[in-house]
Amino acid sequence: MNEKLKKGLYYADKFINSDYYIALISVLILIGWGCSVWVPMICVVFALGIFPLFICRNTKSVLIPVMLFTFIVSTGRRNIDSSYVPLLILAVVLVAGMIFNVVRFKRDFSSLHPARIKGFHAALLALAVPFALGGVGSPYERPAVVLVALALVIGLGVVYTFLSLTTADELKEVELPEYLLKILFAAGIIVSVELIVYFARLKNFDAIFDAMLSKEINLGWGGANNVAPILSMTIPATFYFCIRKNCFTPVFAAVALIEYALVFTTGCRGVILFVTVAMPAFLMYVAIKSENKVSFCLSVWGIFLIFLILVAFHGAKVAALLTEILQKELKSSGRDILYREGIDAFKKWPVFGAGWDFRHGERTQDMFTPYWYHSTAVQILANMGVCGAIFFAIFYYWRYRTHIAKWRDPACLALFAGVLLFDLYGMIDTNFFGPTFFIMLMIMTMVVELNVGENRCRAFGGRDPVADIRFFVRSAKQRLANKKAEKKNKTDNAENDGQNGQSDKE
């Protein structure tokens, strides 16, 4: 029986760490979304994500549900209230699984030593400071909201620490950046299918183009301005698989260009602009680096011709869509008012901002949504003030320094392109601080950070700040003691000189 159990665990581990596991989770997410049974299905997805913690040393499979689960939400995210008990149980099991995994496989905590901890890891943990202090000095409208925001950031720091501990040992066996790119490719397929299904359910082209023109797209987990940034994040990942030697290059090229076309259907002008500017660079880079140059170039030209034929066939409607987008240009659509409101809040409470509870739920009339200023920079200043700006400047510095350190690696470069496109759009919209999107970006940087090498991108340059502080304190005490001793010697010498002078007079 023991032998059969070992054999079963071996095959389970092999399946969990294969590409088939990514496909399984992706299919379950599409079923949950498409059949509007996402509430029970999300429990299944998380259960499948937690199970490997108890049997697998390598926890990279946990990244799959963490990166993809948000796309299962089809309608009414508040429906999750009806299933809070099983989700709470899963949360408890998750914590138990993390503890069990760390203990069972005897994880090495030396990477958390101050002299070895990586810069982005330390910067992420340090974000607890501006979130804790955000709103100090301003009236607290909903203190619970502030605590929830702080708890989320601390929780993300704990999850990041766990994943970095449990995946760092496995870098020799698996290239995490490429594995994550497979997950992002799956994300692109999921979002593309959901968007196509959404349009197909509208039944006729007139209704479809009306939805595109008015940006009335709602997939449940997000609207047009959420769908487009996710596609922009997945396009570089899809192009990456055109580089390596394989016979599926035309398929990957087709998927990437379809994702690009779908970005236009959202009418999201910022993403359309950033991706269009980046697209020539993507095509040139892949054409130069690819081991399938002929296949890739022929595929791109063939797909481009098909697009031209489709555009010509529906020329009037496509022209109307493009005209609508171009006429709007990059006008703010009311965002300038929100920017001014954010700056006003910053001016009123410049040091620690207004806090995350300021005007909470005002625009959406619910308890889930902060007051969005539609700009990452403005949001930081408004909610966390100068304190937040300083800590997030450090956060961004380490994020980009980490990615730039691996710019020669095509897989890491593809992740960097996805992060950069998402960040650029985040400066004119709300997505950066959406918890699920923040998690995705965090993981994309994490796998690069784990790949930069042990001696690079250390938070404190390889020094131990705790030891340095102790040395400074000891040195200060020693200097103070020396000064006291020197002062005492001078006093004693002066007294001795005085006594000697008195003796001479006598």
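Start by selecting His-374, which is buried at a relative accessible area of 16% (buried means under 20%, exposed over 50%, partly exposed in between, with a 1.4 Å probe and protein chains only). You'll find His-374 in the loop between helix 17 and helix 18; helices here are DSSP runs of H or I with at least four residues, strands are E runs of at least two, and numbering goes from the N terminus. His-374 has a positive phi of about 60° although it is not a glycine. Most residues other than glycine have a negative phi.

A word on what you have open: this is a predicted model, where local features need pLDDT of at least 70 and side-chain atom pairs count only at pLDDT 80 or more, while totals for chains, interfaces and linings use all residues. Residues are numbered from 1 along each chain as its sequence is written, and side-chain values use heavy atoms, with hydrogens and water left out.

**Another positive phi**

Jump to Ser-36, in the loop between helix 2 and helix 3 (38–50). Its phi is near 55°, again positive in a residue that isn't glycine. Ser-36 is partly exposed, with a relative accessible area of 47%.

**Zoom out**

Of the 506 residues, 48% count as buried. Among contacts (heavy atoms within 4.5 Å) between residues at least 6 apart in sequence, 80% join residues at least 24 apart.

**Salt bridges**

The whole structure holds five salt bridges, each a side-chain nitrogen of Lys or Arg within 4 Å of a carboxyl oxygen of Asp or Glu. Here are some to click through.

- Select Asp-19 and Lys-182: their closest N and O atoms are 3.2 Å apart. Asp-19 sits in helix 2 (residues 19–34) and Lys-182 in helix 10 (residues 176–200), so this pair ties together parts that are 163 residues apart in sequence. Asp-19 is partly exposed at 42%, and Lys-182 is partly exposed at 25%.
- Next, pick Arg-359 and Glu-341, bridged with closest N and O atoms 3.6 Å apart. Arg-359 is in the loop between helix 17 (335–348) and helix 18 (376–404), while Glu-341 is in helix 17, 18 residues apart. Glu-341 is partly exposed, at 23%.
- Then try Asp-423 with Arg-399, at 3.0 Å between the closest N and O atoms. Asp-423 belongs to helix 19 (residues 410–426) and Arg-399 to helix 18, 24 residues apart. Asp-423 is buried at 4% relative accessibility, and Arg-399 is buried at 0%.

**Into the core**

Which residues have the most contacts inside the largest nonpolar core? Select Leu-68, Phe-71, Trp-221 and Phe-239; the core has 130 residues. (A nonpolar core is a set of buried Ala, Val, Leu, Ile, Met, Phe, Trp, Tyr and Cys residues joined through side-chain atoms within 4.5 Å.) Helix 10 gives the most to this core, with 14 residues. Center on Trp-221: leaving aside neighbours within four places in sequence, its contacts include Trp-33, Phe-71, Val-191 and Phe-437. A second, separate core of nine residues includes Leu-338, Ala-354, Phe-358 and Ala-382.

**Last stop: helix 14**

Color helix 14 and look at Ala-278, where the helix bends by about 35°, with Pro-280 following within four residues. (The bend is the angle between axes fitted to the seven residues ending there and the seven starting there.) Among the buried residues of helix 14 are Val-271, Val-275, Ala-278, Phe-282 and Val-286.
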